[in-house]
Amino acid sequence: DKATDVTFNIWDLGGQEVFYPTHQFFLTSNSIYLIVFNCADLNSSRVDYWMNQVRATGKNSSKAAIILVGTHCDDKSCSQERIDEIYQTLHNQYRRQRYHGFKDIMFISCKTGKGIKELKEKLIQIAT
């Protein structure tokens with residue numbers, strides 16, 4: 001196999017409302033979006049806001065790939081049962097029929113490294 005170089009440009013769009021008007025300059029239909037949320041505190045996340053922003057700005061194109069990424073999966077409140085529950089809830093809420101670019105839901109821990117390799121592999125798979 002011939003190795004393929006993939007270059008990523010990463011934009012961390014602040015979640016603060018003061019930055020919302022600037023998002024339109026960065027959201028395009030030809031992008032991969034990581035919508036990151038804290039598994040230990042899903043209720044305070046803005047997953048719904050970001051899913052709708054990407055859907056609207058990307059014209060609900062399948063080229064605007066979306067991966068939901070749950071962090072802090074090492075937290076004591078994030079049992080495998082809880083992670084499975086979060087997965088099912090998000091999967092049901094953001095079905096591909098409604099969000100054409102929705103690709104996957106992944107869970108990671110920056111503390112332990114769990115899921116990081118798989119997330120990188122998924123990004124490369126989508127990009128190539």
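Which residue has its charged end over the ring of Tyr49? In this predicted model, that residue is Arg46, whose charged end lies 4.8 Å from the centre of the Tyr49 ring. Tyr49 is a handy place to start a tour of the aromatic side chains, since several contacts come back to this residue.

A search through the whole structure turns up four aromatic pairs. One of them brings together Tyr20 and Tyr49, which are stacked, with 4.4 Å from centre to centre and 15 degrees between the planes. Tyr20 belongs to the segment before strand S1 (32-38), while Tyr49 is part of helix H1 (residues 47-57), so this pair ties together parts that sit 29 residues apart in sequence.

Put together, the ring pairs join Tyr20, Tyr49 and Trp50 into a cluster.

Are Tyr49 and Trp50 buried or exposed? Tyr49 has 18% relative accessibility and so counts as buried, the cut-off being under 20%. Trp50 comes out at 13% and therefore counts as buried too.

Arg96 lies over the face of Phe102, and the distance to the ring centre is 5.7 Å.

Technical notes. Residues numbered from 1 in each chain as written. Predicted model: local features only at pLDDT ≥ 70, side-chain atom pairs only at ≥ 80, totals over all residues. Heavy atoms only, no water. Phe/Tyr/Trp six-rings, centres within 6.5 Å; stacked < 30°, edge-to-face > 60°. Helix = DSSP H or I, 4+ residues; strand = E, 2+ residues; numbered from the N terminus. Buried < 20%, exposed > 50% of the residue type's maximum accessible area, 1.4 Å probe, protein only. Lys NZ or Arg CZ within 6 Å of the ring centre and 35° of its normal.
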